[in-house]
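Here's a quick briefing to read with the model open beside you.

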Amino acid sequence: MIHHIDPNTLQLKDQVISINRVTKVVKGGKNLSFSALVVVGDGGGHIGYGSGKAREVPMAIRKGIEAAKKSIVKVNITPTSIPHVVLGKFGAGKVLLKPAPEGTGVIAGGAVRAVVEAAGVQNVLTKSLGTTNPHNVVKATMDALLKLCNPEEVAAVRGKAPEEL
């Protein structure tokens with residue numbers, strides 16, 4: 001179902017969601033490094049996320065972007081919002097996305113906001129339930145976005161014309 005999308009054909013914008021300083025305790029002391037969680041999107045329904053880890057912040061971000069470009073997927077969104085209410089889950093992270101009328105804007109917290117904005121959703125109501133761990137929240141949001149169906153698919157499943165719905 002999920003086919004590979006070439007990142008070079010898209011106009012991608014990247015958004016850093018979280019940068020975390022991690023330490024590994026070794027014999028000679030502590031080794032500092034940084035992990036960065038990054039989301040990339042073209043604002044037209046293509047979106048991917050990735051995390052990178054390096055000794056320096058810019059390098060970690062660069063690695064995160066590379067990883068994110070490899071995980072790009074296409075999600076079904078309407079021109080300004082999303083087609084229907086959806087709940088995405090990953091681990092303890094749950095994210096509820098609700099379509100909103102024109103002019104509402106993106107009502108979302110940090111990690112969720114970055115993901116839906118990168119996907120190109122302009123009007124949406126969201127609620128993040130459960131964990132606040134950015135990694136799990138991002139994965140739950142991606143799960144929610146991937147669950148979105150477009151009217152044509154639903155019509156095909158139900159054996160009706162899209163106009164009937």
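**Overall picture**

The chain exposes about 9200 Å², and carbon and sulfur atoms supply 54% of that area (Shrake-Rupley method, 1.4 Å probe). Bear in mind that this is a predicted model, where local features need pLDDT of at least 70, side-chain atom pairs count only at pLDDT 80 or more, and totals for chains, interfaces and linings use all residues. Residues are numbered from 1 along each chain as its sequence is written, and side-chain values use heavy atoms, with hydrogens and water left out.

**The chain as a whole**

- There are four helices and eight strands in the chain, taken from DSSP runs (H or I of at least four residues for helices, E of at least two for strands) and numbered from the N terminus.
- Reading from the N terminus, the order is β-β-β-α-β-β-β-β-α-β-α-α.
- Along the principal axes, the C-alpha atoms fill a box of roughly 70 × 35 × 30 Å.
- Of the 165 residues, 38% are buried, meaning under 20% relative accessible area, with exposed set at over 50% and partly exposed in between (1.4 Å probe, protein chains only).
- Among contacts (heavy atoms within 4.5 Å) with a separation of 6 or more, 56% come from residues 24 or more positions apart.
- On the charge side, the chain has 21 positive and 12 negative side chains, with the centres of the two sets 16 Å apart; Lys and Arg count as positive, Asp and Glu as negative, and His and the chain ends are not counted.

**The four-stranded sheet**

- An open sheet with mixed pairing is built from four strands in the order β5-β6-β8-β7; strands pair if DSSP finds at least two bridges between them.
- β5 (86–90) and β7 (106–107) sit at the edges with a single partner strand each, so one side of each has no neighbour in the sheet.
- β5 and β6 (residues 93–99) run antiparallel and are joined by five bridges, and leucine 87 stands opposite leucine 96 in β6.
- Helix α3 (residues 134–147) lies across β5, β6 and β8 (124–130), at about 140° to β5; axes are lines fitted to C-alpha atoms, for helices over the stretch in contact, and angles run from 0 to 180 degrees between N-to-C directions.

**Helix α2**

- Seven of the ten residues in α2 (residues 110–119) are buried, including Ala111, Val112 and Val116.

**Leucine 12**

- Leucine 12 belongs to the segment before β1 (13–26) and is partly exposed, at 21% relative accessible area.
- Leucine 12 and isoleucine 47 are 35 residues apart in sequence, yet 8.7 Å apart in space, C-alpha to C-alpha.

Conventions:
The place of a charge is taken as NZ of Lys, CZ of Arg, CG of Asp or CD of Glu.
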